[in-house]
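User: Please look at the following model with me. I would like to go through some of its strands and one of its helices.

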Amino acid sequence: MKKLTGLGNRTYNVMFHTHTVAGIVISFALFVIFYAGAFSLFRHEMFQWENPSARIAVDEHMDYDLALAKVDSVYNLDWHSITNVVFPNEHYPFLQVYGAVKVNDTTTERMAAYVEPGTYRVQDMREPLTTVGTTLYFLHYFRQIPVIGLYLSGLVGLFFLFATVTGVLIHWRNLFTKFYAFVREGKWKTIWTNAHTVLGIMGLPLHLIYGITGAFFGLLNLILLPSVLLLFDGDTSKVFNMIRPEDAIEVAEDAPRTQHKPLMTYMADIQEQFPGYTITRLKVRNLDRQDALATWGIDDHKGILSSGLLTMHLADGKVMEEISTIPYEKAYSQSIIDLITKLHFGDFGGILIKIVYFVLSILTCFMIITGVLIWQTARDNPRYTDKQRQFHHRVTKVYLAICLSMFPAFALIFLANKSIPMDLAGRVDWVNGIFFGGWLLLTLMGLRWNRYAVLNKNYLNIGGLMSLLVPVFNGMATGDWFWMTWNSTSWVAYVDLFWLGSGVVALYLAFFVLKDSYPPKMPPKRAQKAKPATKSIHPKETVVEKNPKKVPVFRFNFLRG
Amino acid sequence: MPAKAKYLSSKWQRASKVTAAILGSYLATMFIHMAAVQLADKSAAALMTTAYSTFLMWVAFMTLAFLVKKGWHIWAIYGGITLVCSLILFL
């Protein structure tokens, strides 16, 4: 097969080394991001599973004006600030309201609540009833780490892009040959290397997308701050008004009050103009006044430029063409952020794209693991001292324990969601506690299993059993067994079946496919501690060793490769 | 398989390269972009492009930083880029 011209010797070695170092440094954080991210793709779809009160059909006749009035009566909303409304959809049948509340004359506070159809009961979302999707989504960008979590995840994204670029450079020469290297035979190092390069090349488009968009979401402030300071006189609103021109339109705080037509009439007009589109959300200011300004979000969820924003004054209900974005007719500057968002969240082309994203993300997790295993196997030979080899082994074991225990830990949060009673105060903290505590415990358990194959199998066994229990717990706690929800609230059944399937596959792999014998030869045992010198019978006499053995100094030189 | 040590740099060289790769690349990237946005009359299209082009350029500079043999050379290059672009920006 044709080989491409590769890099020169020095360049190759330098690139190889930076790839190794960058890869090892980010590896387990990147694994967590991809694994949690793969599940987060479906965080809306799994909402009905996690919250049984959401297992209702969308109420087509819900009175949105009444719902907003209810929220206003609970929170006393500051309508002059931006209020965002997300309309009910099949996965989330509640009306969500994100608004501002005046604390005093100068400061406002953000609020979030949802309204149930039918009863119009208002539920504060800052104190949610359930959490599974949210916890996994927050884990995806380390939001549980205060302040710096988001930046850390952004940096991991940036270094992932770096590792992708250097990875392509060093494997450039074998780009075509490696693409067909689905090999399961040969030395273990070869197997890991082939898996790493094949999956790296196969996932390349996804990796580039996620390197760039992930860095964008995490490090947006790093990019914006210098521009705002030096180009826009430190005024952030100038930049944001460029991105969202409707926010630049002033609405008067003391405009005369008025009662506009019901929101449903405007929505019916838009539906008529854009048949086939769903109205997903509404951004509104001064809703209760004459100059009320509304921006409607529409989307057909098909193409990658399918979202649109239609801005109008409610007084005349005419779409203001010059600042609205029409789906598929967007200008270049209007498309970029929408494009980045759609690409990152897999929010185009329907459920099939999300499944492809999910599979590729899990394969990327495997690619990350194989990278660590290449690093370990390449160093497991007599050219390294026993101490060094022990160190490589322990690092690998810790990495594998953190990463592979995520499978049982994720099944655990689904179980915790169904085993903590719904009316228990602070149940969300309990669920999170069980998840993170369980993950820690599982990781610590893994450190006791010295062989990687045993560690992997044990996690598959534990996780497989837990997975099988997920649909059972759901059925027992809510009475909604998957054969009953299949037709009514399908996604509840799909979540159950996903776990049932993954449980069966995990146990099958653990019992019938995988063997216990990896690594084939264990790295040498840690050197025994020197025996203490026998006590002298004369206590004052000090024992002097004639030839003190040189104690090998343990150096963290894994960065040297 | 691990990279051959003879091609890798010493401790101080490495430190200066790593800082140049992360910080120096960031400064050079940002100033090139800000100068470009300034020259493009702060147009929305130019500003929006920075949302993705910054990361691509940052990573490209990051990669290049390790290929230059001397650490101070790369700092000189990225410092020079930053200086020239800030001249465009402020004059």
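User: In which sense do strand E2 and strand E3 of chain A pair, and over how many bridges?
Analyst: This is a predicted model, in which local features need pLDDT of at least 70 and side-chain atom pairs count only at pLDDT 80 or more, while totals for chains, interfaces and linings use all residues. Residues are numbered from 1 along each chain as its sequence is written, and chains are lettered from A and ligands numbered from 1 in the order in which they are written. Helices (H or I, at least four residues) and strands (E, at least two) are DSSP runs numbered from the N terminus, and two strands pair if DSSP finds at least two bridges between them. Strand E2 (residues 95-102) and strand E3 (residues 108-115) of chain A meet this in the antiparallel sense, over eight bridges.

User: Which residue of E3(A) is the bridge partner of A:Ala100?
Analyst: A hairpin of five residues joins E2(A) to E3(A). Across this pair, A:Ala100 has as its bridge partner A:Arg110.

User: Which residue in the turn between E3(A) and E4(A) has a positive phi?
Analyst: Strand E4 (residues 122-124) of chain A pairs with E3(A) in the antiparallel sense over three bridges, with A:Val122 as the partner of A:Val115. Six residues lie between the two strands of this hairpin, and the one with a positive phi, of about 85°, is A:Gly118.

User: Within what arc do the buried residues of H15(A) fall?
Analyst: Buried residues have 20 or more other C-beta atoms, placed from the backbone, within 10 Å of their own, exposed ones 12 or fewer, and partly exposed ones lie in between. In H15(A), the buried residues include A:Phe435 and A:Trp439. Seen down the helix axis, the directions to the C-beta atoms of the buried residues show that they line one face, because they fall within an arc of 100°.
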